[in-house]
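Thank you all for coming; please bring the sequence and the model up on your screens, and we will go through the place where two chains meet.

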Amino acid sequence: MILICPETPPTPQTLGHSHPAALVSIFGRPLLEHFLMHYADRGITHFDVIASDRPDAVRKFLGNGEKWGVTVTIHAWKEEPGLDKDFSNLTKDSEQPARVDKLPWMNTNSTMGSENWFKDCLKNPPTKNMIRPDYVESKTGIFIGGHSHFPEQTTIIPPCYIGAQVKLGNGCSIGPNVIIEDEAFLESGCEVRESLIGPSTYIGPDLTIDRSIVMHDWVLDWSIGTDHQISDPLLLGNKNSEPVANGILGRMIALIIFILLCPIVIIAALASLRTGKPVIDKRKAVSPVPYKKLTGRSNINYSEFPSLPGYLRRYPQLWSIIKGEFKWVGNRPLNEKEADMLESEYEKMWLDASYGLFSLADLHGVTGNFSEEEKLHSSFYAATQGKESDKNILLKCIFS
Amino acid sequence: MELQRVNDTLNISGLKQLTAANADSFQSAVKNQLTPDIKNLVLHADDIDLMDSTGLGVMIIIHKTISQHEGVTTISNPTNIVLQLLKMTRLNQVFKIVTT
C-alpha cells in the first residue's frame, strides 16, 4: 500500500515545525503509526511510504517496519504527489494510496489542522483494540495514559484523552474536547478547552488554551486565525529542550576561561590567609536526573573558593563544566540533606535539570539559602528550560 | 513610538514591539506622561509584531495606574500576535479591545 506523507505547508506550521506532519502525535501515536496499525490489521504486509518533507525523520521513525510486523520502503521525493498519480512503477498493489493527514478510519474531507479536522478526530477515536494499551478510561469519556497523575483540584470534563506522564499543576481545568499528548506539562491554573496539546509541550501558569492546537511554542488558534510561534518560554515551550552550551563548544569555552582566569587561584589563596577559611571547599551534591541517567553516578563532587565574593567563588566549577558534570546554565547543586527536604512533586523537579554555574535563582537573587523562592525558581527552570531562556539567564547573570 | 495627549486620553502609537528588550523604557516613557489629568490610555497595536510576557506585565502595571483614576485601558487594532497573547493570558477580559 502507498502512504503519502503531507508537506508543510500547506499543513500548518504548528503541526509541521519540529517534524513531518505525518509524525504528528494524536491519541498517543503518530498519524503514520495509526495508518500502519490500521492497515496491517487488515492484512497489508508492505507499505511504500512517500516522503517529500524530512524523509530522514520518517525513515528513522519507521526503521524496517518490524515493530508493526510489516515491511516498509521509504521513497524520498522532491514534491508531494497527488493521490491520483500513477504509482504503477512503485507497486503493483491494487490498494488505494492514502494521504497521512488524518486518522485512517476517518471519513472526512477536513483539512489537516483545521477545527473541523480536530472535531472529526474527537468523534472518531481509536477503537478498544487500537487504542494504546496504557490509556485507561478512568471515568466515562476520560482516558488517561500511564504514569499521569493530577492534583485533587483538577477538573476534567469529558471527552478528554490525556497521554502518559502528563503533569498538571493545581487548579487546572481540562475539557471538554481536549487531547493532551504524552509528557505535556501544564502549570497551575491552566484552562484548556476544545484543543490539542502536543507531546512535551509546556504551558505556563494561568493560561487559557481554547480552540487551538499547541505544539511546544507554536500555536494554531482557530478563533483568531493564527498559526505562529510564541517565543516566550514563560508562556509556552518544549519541556525537553536541551540547555545551551552543554556540548563540546560550551566545555571548550569553559576551558579557555578557566585558563585565562587562573590568577583567581592566587587571589583565593591570599583571601583565605586573610579570612582564615580554607582555600578550597570541596562539596558533594546528589546527581541530578539527567546526569544520573547518563553516567549512573549518584553523586557529583564540586568545589568553591569560600573566601571569594559573588560568582568568583564558583571559579572551580568551570572545571565541572569542562568535565561535563555541570552546564553553564542549570540549577544550583543540592546536597543529600537538601534533596531529602524537597517535598512536593513540583519541588522535586529541581533535580530534573542539570546543575549549572548560573541559575534562574541567581537572576532573582535568591540562591544559597534553600528558600521557598529558590525552590520555586529552580523547579520553574526545570520545567521550562530552553535555549532562549538559558541565553537570557547567562547574559543577565554575567552583565548585571 | 509616539505619545499623544488628546483631552484626558494618552494615545500610544508606532510601537513595533513590546518585549523584555524595551519594556522598561516603554514603561518610563508612559509613566512620565500619566499626569493627574490623564484618565484613559489607548495603545494602538496595529504595528506590534512582537510581544512577550514582560510586555504584558508592563501593560498591567500601567493599567493599574489608569484604573486608580477610574479610567480605561484600550488596546486598539491588536495584531494577531497581540490578540493571541491577550486571549491566552485572559487579559482580553482586563483591557478593552477595539478593532476598527
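In this predicted model, the contact, which means heavy atoms within 4.5 Å, draws on 22 residues from chain A and twelve residues from chain B. The size of an interface is often given as the accessible area lost when the parts come together. Here chain B and chain A bury about 1400 Å² between them, with 57% of it on carbon and sulfur atoms, where buried area is the accessible area (1.4 Å probe) that two parts lose on being put together, summed over both. Of the area that chain B buries against chain A, 47% is supplied by B:K87, B:M88 and B:R90, more than any other three residues.

Now, how many salt bridges does the rule find across the interface of chain B and chain A? There are two, a salt bridge being a side-chain nitrogen of Lys or Arg within 4 Å of a carboxyl oxygen of Asp or Glu. B:R90 forms a salt bridge with A:E191, and their closest N and O atoms are 3.9 Å apart.

Turning to chain B itself, the C-alpha trace spans about 30 × 25 × 25 Å along its principal axes.

A word on conventions: residues are numbered from 1 along each chain as its sequence is written, and chains are lettered from A and ligands numbered from 1 in the order in which they are written. Local features need pLDDT of at least 70 and side-chain atom pairs count only at pLDDT 80 or more, while totals for chains, interfaces and linings use all residues, and side-chain values use heavy atoms, with hydrogens and water left out.
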